[in-house]
Amino acid sequence: MLDLNTIVVISLAILAFFSLVVVIVLIPIALQFSRTLSSLQSLLDTINDDVKPTVKEIKQSVYNVKTALKKGTSVLESGAHEASMFVASSAHGILAGVKEYFLACKTDENSYNNNGSPGIRR
């Protein structure tokens, strides 16, 4: 039968073989992990160098657009107010002109329906 020493030697040989296999498998994994970390660092550097200024520029552009819209809105509001005042004053002027025209036509001798003229009987 097998001696205890033989079993220990066989066990150590199997353990050494599997340890060698694990080391052979882990070395490429460790190298790939190192390259992945380098790529991640490069990505983070790119984000810090390129994306942050771009986001800052986008925010500034949005702020500029908001400012321009506020200015344009205020100009439109003042223009609408001035236009409404112009329309109201024009309508008032037209109505006053029409009133003056008809007042000039109405006299005691010449009324709207010619009741005051001597040639027409009632």
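At the start of α1, the backbone nitrogen of Asn5 has a side-chain oxygen of Asp3 within 3.3 Å. Such a polar contact is a pair of N or O atoms within 3.5 Å; within protein, one must be able to donate a hydrogen and the other to accept it, and residues adjacent in sequence count only if both atoms are side-chain atoms. The model is predicted: local features need pLDDT of at least 70 and side-chain atom pairs pLDDT 80 or more, while totals for chains, interfaces and linings use all residues. Residues are numbered from 1 along each chain as its sequence is written, and side-chain values use heavy atoms, leaving out hydrogens and water.

Helix α1 covers residues 4–105, and its 102 residues reach 141 Å from first C-alpha to last, close to the expected 152 Å (1.5 Å times one less than the number of residues). A kink of about 30° is centred on Ile47, the bend being the angle between axes fitted to the seven residues ending there and the seven starting there.

Of the chain's 122 residues, 2% count as buried (under 20% relative accessible area, with exposed over 50% and partly exposed in between; 1.4 Å probe, protein chains only). Phe18, at 49% relative accessibility, is therefore partly exposed.

Conventions: Helices (H or I, at least four residues) and strands (E, at least two) are DSSP runs, numbered from the N terminus.
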